[in-house]
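Subject: Structure handover

Hi,

Here is the structure I promised to pass on to you. Have a look at it first, and then read on for what I found in it.

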Amino acid sequence: MVIVGAGLTGPLLGMLLARRGYEVDIIEGRPDLRLGGERTLRSVNLTLSERGLRALREVGLEQEVITKLGQPLRARAVHLASGAVNLLPYGHNGEQVLYAVSRAGLSSLLVDAAEKCHGVRFHFGVKCLEVDRTAPAVVGLETATGRRRRFTGDLVVGADGTHSTVRRHVQHGAFADLQMHYVPWRYKEIVIKGELDPTVLHAWPRGDRMMFALPNVDGTFNGVCVLPAGEADGFDALDTPERIRRCFDETFGDVSRLIPDLEEQVSRSPVSAFPTMLTSQWYHGDTVVLVGDACHSVVPFFGQGMNAGFEDCLELSRCIAETPDRATAFATYQRRREPQSAILAKLSLDNFAEMRESGPQHRVAARKYLLHWLYRRSGGRIVPIYTMIAHSATPYMDCVARAEQQDRLLRRCGADIAVSLITMAAMARRVWQRAWQGGRAERAAARAGRWSRVPL
């Protein structure tokens with residue numbers, strides 16, 4: 001078989017199918033990341049949750065990934081413009097954590113592990129030009145030599161991302177739906193050094209602007225600045241070092257001071273976008289099939305894109321093992337996974353809106369506090385939707401259905417009133433704390449003034 005794409009899902013699927021007796025050729029247009037040199041893979045850091053861990057467990061890599069690459073995250077720290085910080089836990093105990101991982105680091109580890117599997121071969125620097133759906137085969141171009149190569153097998157898998165070449169050939173001449181949507185925001189990546197809690201994901205919501213940061217194992221943070229698309233309010237307006245520094249000082253002042261080379265980083269970092277892609281055709285006959293971002297991609301604000309791609313690999317491997325007829329196996333695979341992908345796309349966009357808006361963050365924190373309190377007190381009968389999605393392998397659709405049922409029950413029991421009371425209490429407490437601290441400073445200044453007037 002031939003897999004196009006050696007990012008994340010390609011090597012994982014290669015390992016799963018090699019264990020089922022397949023000979024696997026994996027082609028990748030980029031150079032081998034492990035050889036160093038200029039960085040060839042750019043990405044927001046990833047969050048690894050139970051769904052992804054389960055897939056890594058299947059190939060014996062869970063502990064290695066956690067030990068070498070994983071930075072445990074216990075909560076989201078929301079830094080409000082007022083200076084207050086809301087801590088929103090990801091689980092109810094010390095074991096329910098997410099892991100921040102570098103995409104490049106995880107990709108390299110997966111390639112290393114796949115190379116050790118019998119029958120798996122990698123071909124880097126070979127760009128997929130076309131797919132012969134009948135043979136099936138892939139025609140690739142060696143970027144270093146300009147030579148064309150043909151890779152033939154009994155199955156071709158497209159694991160080549162949102163702008164998949166394999167998908168284009170799979171759907172050629174077919175009546176396939178393809179929805180590609182970009183949210184009207186753009187982002188740049190920035191390295192932040194120290195002075196932030198490395199056990200949480202940090203977010204700075206500012207209405208139509210936001211910033212978030214994930215820790216790296218070396219003590220730095222992978223920061224992502226999100227600004228509106230457009231010339232007036234976006235990155236196009238930050239065309240001088242002075243404008244860059246002023247924008248960050250005014251909008252993200254508490255993190256701006258942690259980036260001494262901010263102007264250089266922002267100027268150098270390319271502008272990237274957040275696409276959502278869904279499609280109605282994931283395979284062709286019994287010869288070609290798609291996995292991961294090639295058949296569904298989501299914005300990264302629920303931290304599930306990679307985890308969902310890994311679930312695809314597990315499901316496809318199982319369907320192939322369960323059903324001798326591959327066309328039937330592919331149909332079963334799409335029937336099981338496509339609805340889950342659509343639900344995840346909506347959850348991710350909704351969470352982006354929640355993370356970005358600074359106004360309702362006190363209410364969001366109050367609601368999450370109430371749900372976690374009920375989770376602990378109810379013996380697991382009330383479960384926050386994020387907990388269900390991040391810390392279980394329950395299908396996304398079932399998580400949403402249960403969350404909606406819980407919401408209806410809690411509203412009938414007066415949960416909205418409780419959330420409002422918690423919100424008002426928290427805000428009143430913060431107002432009192434600021435007033436007390438301000439009064440204490442004034443009293444200290446007055447005492448200092450009295451002592452300074454005492455004659456020597």
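A residue counts as buried here when its relative accessible area is under 20%. By that cut-off, 53% of the 456 residues of the protein chain are buried. Please keep in mind that this is a predicted model.

First, the overall picture. The protein chain holds 14 helices and 20 strands. Its accessible surface comes to about 21,200 Å², and carbon and sulfur atoms account for 53% of that. Taking contacts between residues at least 6 apart in sequence, 68% join residues at least 24 apart.

Three strands form an open sheet in the order S3-S7-S4, with antiparallel pairing. Strand S3 (46-48) and strand S4 (71-73) are at the edges with a single partner strand each, so one side of each has no neighbour in the sheet. From one strand to the next, the twist averages 40°. S3 and S7 are joined by three bridges, and leucine 46 has valine 101 of S7 as its bridge partner. Helix H3 lies across S3, S4 and S7, at about 65° to S7.

Then there is helix H4, which covers residues 103-115. At the start of H4, a side-chain oxygen of serine 102 comes to within 3.3 Å of the backbone nitrogen of alanine 104. Which residues of H4 are buried? They are Leu106, Ser107, Ser108, Leu109, Leu110, Val111, Ala113 and Ala114. Their cover includes strand S7 (98-101) and helix H3 (62-69), along with helix H1 (9-18), helix H2 (50-58), strand S8 (120-124) and helix H9 (305-322).

Is arginine 51 buried or exposed? Its relative accessibility is 0%, so arginine 51 counts as buried. A polar atom of the arginine 51 side chain lies 3.0 Å from the backbone oxygen of isoleucine 389. Leaving aside neighbours within four places in sequence, the residues in contact with arginine 51 include Gln304, Asn307 and Glu311. Also among them are Met388, Ile389, Ser392, Ala393, Thr394, Pro395, Tyr396 and Cys399.

Happy to talk any of this through.

Best wishes

Key
Residues are numbered from 1 along each chain as its sequence is written. This is a predicted model: local features need pLDDT of at least 70, side-chain atom pairs count only at pLDDT 80 or more; totals for chains, interfaces and linings use all residues. Side-chain values use heavy atoms; hydrogens and water are left out. Helices (H or I, at least four residues) and strands (E, at least two) are DSSP runs, numbered from the N terminus. The expected span of a helix is 1.5 Å times one less than its number of residues. Buried means under 20% relative accessible area, exposed over 50%, partly exposed in between (1.4 Å probe, protein chains only). Contact means heavy atoms within 4.5 Å. A polar contact is a pair of N or O atoms within 3.5 Å; within protein, one must be able to donate a hydrogen and the other to accept it, and residues adjacent in sequence count only if both atoms are side-chain atoms. Accessible areas come from the Shrake-Rupley method with a 1.4 Å probe; for residues, only the protein chains shown count as cover. Two strands pair if DSSP finds at least two bridges between them. Axes are lines fitted to C-alpha atoms, for helices over the stretch in contact, and angles run from 0 to 180 degrees between N-to-C directions.
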